[in-house]
Amino acid sequence: MAGKDPARSKRLRAELWAPRVNEADDFRARAIVLFDMARARLADDDPLWRSLASELSRYLDSKQ
């Protein structure tokens, strides 16, 4: 796309989220911020969602 700089866009996106990630007090808060970032950046059919759901399901099943 003319006039667009993908590297600059990626850098600006990282700068937007960096304060929220850095301000997370613990791993739970950081995971929530990262999840929100993924929701904002990834399509609904991105393969990450299937992998994340599968991994989280396995983890929670092992905790019962």
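**Figure 1. Asp-46 in the loop between helix 2 and helix 3.** Asp-46 belongs to the loop that lies between helix 2 and helix 3; helices (H or I, at least four residues) are DSSP runs numbered from the N terminus. With a relative accessible area of 24%, Asp-46 is partly exposed, a class that falls between buried (under 20% relative accessible area) and exposed (over 50%), with a 1.4 Å probe and protein chains only. From C-alpha to C-alpha, Asp-46 and Arg-28 are 23 Å apart in space and 18 residues apart in sequence. This is a predicted model, in which local features need pLDDT of at least 70 and side-chain atom pairs count only at pLDDT 80 or more, while totals for chains, interfaces and linings use all residues. Residues are numbered from 1 along each chain as its sequence is written, and side-chain values use heavy atoms, with hydrogens and water left out.

**Figure 2. The contact of helix 2 with helix 3.** The axes of helix 2 and helix 3 cross at roughly 150 degrees and come within 11 Å; axes are lines fitted to C-alpha atoms, for helices over the stretch in contact, and angles run from 0 to 180 degrees between N-to-C directions. The two helices are therefore roughly antiparallel to each other, a term for angles over 145 degrees. Phe-35, Ala-38 and Arg-39 of helix 2 make the contact with Leu-48, Trp-49 and Leu-52 of helix 3, where contact means heavy atoms within 4.5 Å. By class, these residues are 5 nonpolar, no polar and 1 charged; Ala, Val, Leu, Ile, Met, Phe, Trp, Tyr, Cys and Pro count as nonpolar, Asp, Glu, Lys and Arg as charged, and the others, Gly among them, as polar.

**Figure 3. The aromatic pair of Phe-35 and Trp-49****.** The structure holds 1 aromatic pair, defined by ring centres within 6.5 Å. The ring centres of Phe-35 and Trp-49 are 5.5 Å apart and the planes stand at 75 degrees, so the pair is edge-to-face, the term for planes over 60 degrees apart. Because Phe-35 lies in helix 2 and Trp-49 in helix 3 (residues 47–62), the pair ties together parts 14 residues apart in sequence. Phe-35 is partly exposed at 39% relative accessibility, whereas Trp-49 is buried at 19%.

**Figure 4. The packing of helix 1 and helix 2****.** Helix 1 (residues 6–23) and helix 2 (residues 27–41) have their axes 10 Å apart and pack at an angle of about 155 degrees. They are therefore roughly antiparallel to each other. Arg-13, Trp-17, Arg-20 and Val-21 in helix 1 meet residues of helix 2 including Val-33, Leu-34 and Met-37. The contact of helix 1 with helix 2 has 6 nonpolar, no polar and 5 charged residues.

Definitions and conventions: Angles under 35 degrees count as roughly parallel, over 145 as roughly antiparallel, 65 to 115 as roughly perpendicular and the rest as oblique. Rings of Phe, Tyr and Trp (its six-membered ring) pair if their centres lie within 6.5 Å; planes under 30 degrees apart count as stacked, over 60 as edge-to-face and the rest as tilted.
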